[in-house]
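Please examine the sequence and the model shown here, and then follow the account below.

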Amino acid sequence: MSTLTDSLSALARPDAETALALADCADAREIRVIAAAIRDRGHGAAVTYSPKVFIPLTQLCRDVCHYCTFARTPAADRAPYLTPDEVLEIARAGARAGCHEALFTLGDKPELRYGAAREALAALGHESTLSYLAAMARLVHDETGLLPHLNAGVMDARDLQALRAVSVSQGLMLESTAENLCEPGGPHHGSPDKRPAARLEMIAAAGRLKIPFTSGILIGIGETRRQRIEALLALRELDDAHGHLQEIIIQNFRRKPGTRMAEAPEPSTEELCWTIAAARIIFGAEANIQAPPNLSPQSVRALIDSGINDLGGVSPVTPDHVNPEAPWPHLRLLARETELAGKILVPRLPIYPRLAQRLEEWVDAGLQQSVRSCIDAGGLPRTDAWAPGAGTPPPKMPDFPPAEQLFHFIGNETYRCAERAARGVRLSASEVARLFAVRGGEFHILCAAADELRVEVSGRTVSYVPNCNINYTNICTYQCRFCAFSKGKAGEPLRGRAYDLPLAEIQEMAAEAWDRGASEVCLQGGIHPSYTGRTYLDICRAIKAVRPEMHIHAFSPLEIRQGAATLGLSLGDYLAELKAAGLGSLPGTAAEILDDGVRRTLCPDKLSVAEWGEVMRTAHGLGLKSTATIMFGHIERPEHWARHLLFLRDLQEVSGGFTEFVPLPFVHMEAPIYRRGGARPGPTFREAVLMHAVARLVLHPLIGNIQTSWTKMGRDGAGVCLQAGANDLGGTLMNESISRAAGARNGQEMTPTEMEALIRSLGRAPQRRTTLYEAAAARDYFSASAWKPRLAVGCA
């Protein structure tokens, strides 16, 4: 057995022969340890569940399973089908209780057996149960926003395709591949839809149709351990071919009074745990292995310790109609049991994260935005109503984890990654993505680790710069799908009119900014069709002519590249001219997400990742410093965040020119890509704070300053980020317009007095700085209300 367990401990999944050998492993304890370790590699501390409402559309069924009490025969005092009003009543109760999933469960094709079913369907205006199911799934989604998951029995490809249009996932338990269970005396005798070949063919058809699917096995109904493994291998083969099996359920038989198997023995907890461990080993680290907690309420920790990462659907509203004798455990109890196992209980949708992150491939176009609007970057449900720029208060941060969870976290891979990053070790992209996955108490610990590193690097000081934003034109020829600021041929009638500031007005605004107390003017704008590289040179010279002391922080890599191209100059020569004209540093915008795959959708005609990096590398080589940014929370995933941070770290190691890293949460309200249903509504608050914390760790020790954007995070949100690794509050701005154009409502200006009050409220020391992070002498600063009013278009 030691040879077998040694081979099972390897990273690769076992081949069929090795998997079948598990049947001879009598002691479940050893393989449970192996299975749990495999699970942890793929899922870390998270154990998921789906908040659902159970809608038993009909309990009539043409099959006769000898352990089932869900299926009933027609009765005069009971309608064959729920009416639309009854369906909506259940669904609305679920929506009010915070459910995400509407689970439709029903018997197989009852109209083929019962005249009462056919008559009821006719009265409802439908020829088949599946037609009525499609109508009810559509009704529930449209009226309540719940996401339908359909367990509709064995179907052909045409029916599967029809139901794909009204559901985000479907399911069919394989139960077993053992043909002997269908023979006389077996639990599936007299149930044509239980034939393994028919069920396997339907599961395969669902894969070919790109339907997110759930399946699994039922144990303890007369099958052997070897037969269970054979069934699991059959499912694995289908998933390897199509990638659609988003969960494998290991369900234990529960005997029920009034059935032919009322006296049959139930499988022991040890037998259930052995099967769970075998399933985890067979399917590997990334698979989702589920066991229903209501069928083993006293053994939840044992199930977790055996390798599950999911507890299935749990309803706060409806009973488990398939197992009515087994009530759902209370969520507080499940959360506590999960904590005692060293894990975190996390809600999910009926479509799992892996497929929710690829909606175009896996979900019907009519349902994609319903999913997209309620998920975070990891594909799990958003858990708060906060959005960048919306002006809503941030949610309460998770409590420090209980001792059991803390003990497990300190020993796990995520903690080791964070600890290595804090020592300056470059992590891999997968390790960085693991840091972005933390939730609950782990989130609290990671933020605390980032802030401890911030203290080591920056002490108690929080810096800021008095500055003014001048966006000299919003006319742009580029087609960035996230931008609500630009106007042009493709500009949408969103906020404000198109403008192009005259040079004299830019001079006047810069002079006023200096006189009001700003030491920096930050200039960016659209790529105007008539602008050349000479335009940017003239802007620099004009500002220096009226206020030579003003630091000019201007022109994204896109503007630099466009300017050089229009003059026929190399990047180096053009940047040298800009520096001579007075350019002091570059903003690190136009980065968005430094992944060309994301950029092809988000900003298809913008410069590539390599081109962005080339501008920065060239500027740094000429002594021009720059910032670095990320704009996140739209279409990208955590692995893209990881690659972005590592690209910046690697570039900084070569060029050394980045002064700070600035996370810019996507402000969605007026963004075209969001308004057309193509993006998430910005990052969640957890994700926004986490970006600052992870950046502090991953970029250490190469980029020492992490800035938080108060215009996007809000003042309270910025305060949270300053306790999660950030050490800089950015600029006073004076005239902010880009975030406002996207719908942000957190203000245009934050005065030094207001900034210092916020910083001191956190027990920190404010420090006025220059653009290049040198200490700045105090100067008088006049807020907009204390200055003469301006009517210039750029400040409107």
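C25 counts as buried because its relative accessibility is 3%; buried means under 20% relative accessible area, exposed over 50%, and partly exposed in between, with a 1.4 Å probe and protein chains only. C25 is in no disulfide, and the nearest cysteine sulfur, that of C273, lies 13 Å away. A disulfide is a covalent bond between the sulfur atoms of two cysteines; here the term is applied to a pair of cysteine sulfur atoms within 2.5 Å. C540 also counts as buried, at 0% relative accessibility. C540 is in no disulfide, with the nearest cysteine sulfur, that of C522, 12 Å away. A search of the whole structure finds 0 disulfides.

This is a predicted model, in which local features need pLDDT of at least 70, side-chain atom pairs count only at pLDDT 80 or more, and totals for chains, interfaces and linings use all residues. Residues are numbered from 1 along each chain as its sequence is written, and side-chain values use heavy atoms, with hydrogens and water left out.

The protein as a whole may now be considered. Of its 796 residues, 60% are buried. The C-alpha trace spans about 95 × 60 × 50 Å along the principal axes of the protein. Contacts (heavy atoms within 4.5 Å) show how the chain is joined: among those between residues at least 6 apart in sequence, 77% join residues at least 24 apart.
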